[in-house]
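Colleague: I'm new to this one, so could you walk me through how its parts meet?
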Amino acid sequence: MLSLHSYLILSAILFSIGTVGVLIRRNAIVIFMCVELMLNSVNMTFIAFSKYLGNIDGQIFVFFVMTVAAAEAAVGLALMIAFYKNRESNDVEDLNLMKW
Amino acid sequence: METLFFTLVAAVAVISALMVVTCRNPINSALSLILTFFCLATFYVMLDAPFMAAIQVIVYAGAIMVLIVFVIMLLNIRSEAGKRYTHAGVIGSIIGVLLLFLTLNFLNKSTLTGAHGGLDTAIINKVGHTEIIGRALFTDFLLPFEITSILLLVAIVGAVILSKKKI
């Protein structure tokens, strides 16, 4: 049987890749997808711990994370469409109205 | 055998996650992300969580990614112009590598406490994973479940208001 560590290392790698994506990309939708990637790597950590600790609570948390991600997708994409209608751009560097 | 399978699927997951970050065209990023989600669903099956694998495929790869691809096509986003060197790229990569190093360091030092909740593969196969999830969801986690439904309602209202003509 695989050890818990292999799953945790894989999800650490995926989380770091997602973080790099959020930091270096400019397109708002790609940043959003990288956030989804980070959420998924955390989900895998939850499920791996749930299996190796013999407790179902981690999977319930994954269920709630998925629900929140669905709500986030609906509102976030509506925001991006509204932003695109105003600015004709999807670049986060054009989102500077509140910049000090 | 299991280790070999894990290594293969993990390699596919990491490569497709890297492609999400590096592809210039957002459609390619979205398709790579779907591939990553399928790899994660495979891991969920390996971790005795078939219900989670099913909703990973149905909700994430099915619903959320279709929404994202739909918006990318609706806005007709072109590929990003290739810029040679950016400070954000270098600094972001350094921060990512540092984060990975820190996490792996933390993982190497940690051990499990050994406490076990009593749920194992035999019980999951006998009772059924969906039934176990359902029991926990409607008894111990009933209040969060109801709050989640309110959250979804608020998200629907928010999405409808945000997509009105004049905002």
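Colleague: How many residues of chain B are in contact with chain A?
Modeller: Contact here means C-beta atoms, placed from the backbone, within 7 Å. On the chain A side there are 58 residues, and on the chain B side there are 68 residues. Bear in mind that this is a predicted model: local features need pLDDT of at least 70, side-chain atom pairs count only at pLDDT 80 or more, and totals for chains, interfaces and linings use all residues. Residues are numbered from 1 along each chain as its sequence is written, with chains lettered from A and ligands numbered from 1 in the order in which they are written.

Colleague: Which element gives the most to the side of chain A that touches chain B?
Modeller: Helices are DSSP runs (H or I, at least four residues), numbered from the N terminus. α1 (4–24), α2 (28–53) and α3 (57–87) of chain A each give two or more residues to that side. The top contributor, with 21 residues, is α3(A).

Colleague: How do α1(A) and α4(B) run, roughly parallel or roughly antiparallel?
Modeller: Their axes, lines fitted to C-alpha atoms over the stretch in contact, come within 8 Å and cross at roughly 160°, with angles running from 0 to 180 degrees between N-to-C directions. Angles over 145 degrees count as roughly antiparallel and those under 35 as roughly parallel. So α1(A) and α4(B) are roughly antiparallel.

Colleague: Where are the bounds of domain 2 of chain B?
Modeller: Domain bounds come from an automatic or database domain assignment. Chain B has domain 1 at 1–79, and its domain 2 is 120–167.

Key:
Two residues are in contact if their C-beta atoms, placed from the backbone, lie within 7 Å. Angles under 35 degrees count as roughly parallel, over 145 as roughly antiparallel, 65 to 115 as roughly perpendicular and the rest as oblique.
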